[in-house]
Amino acid sequence: MIREFDKVKITASGKIGVVVDIRGTDVLRYLIELDENNQIIDCKENEIEKLK
């Protein structure tokens, strides 16, 4: 399960970031702040994977 402040990788781009917000509408969506430039990316649950 992915939670706020978990370190994740966006599978399509391979970019690494931190989950800063989780919201549930029809599907779970995550706001990811990228490590490299602090850009905010909106992703679905199946588009990210948790890093250990």
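So, Arg29 and Asp42: their side chains meet in a salt bridge at 3.0 Å, N to O. By salt bridge I mean a side-chain nitrogen of Lys or Arg within 4 Å of a carboxyl oxygen of Asp or Glu. This pair links distant parts of the chain, with Arg29 in strand β3 and Asp42 in strand β4, 13 residues apart. Salt bridges with shared partners also bring Arg23 into one network with Arg29 and Asp42. Strands here are DSSP runs of E, at least two residues, numbered from the N terminus.

Quick caveats: this is a predicted model, where local features need pLDDT of at least 70, side-chain atom pairs count only at pLDDT 80 or more, and totals for chains, interfaces and linings use all residues. Residues are numbered from 1 along each chain as its sequence is written, and side-chain values use heavy atoms, with hydrogens and water left out.

How many salt bridges does the structure hold? Six. One of them is Lys7 with Asp35, at 2.8 Å, N to O. Lys7 sits in strand β1 and Asp35 in the loop between β3 and β4, 28 residues apart.

Then there's Lys15 with Glu36, where the closest N and O atoms are 3.8 Å apart. Lys15 is in the loop between β1 and β2, while Glu36 is in the loop between β3 and β4. Glu36 is exposed, at 57% relative accessible area, whereas Lys15 is partly exposed at 32%. The cut-offs: buried is under 20%, exposed over 50%, partly exposed in between, with a 1.4 Å probe and protein chains only.

Last one, Ile22: that's in strand β2, and its C-alpha is 6.9 Å from that of Glu4.

Key: Helices (H or I, at least four residues) and strands (E, at least two) are DSSP runs, numbered from the N terminus.
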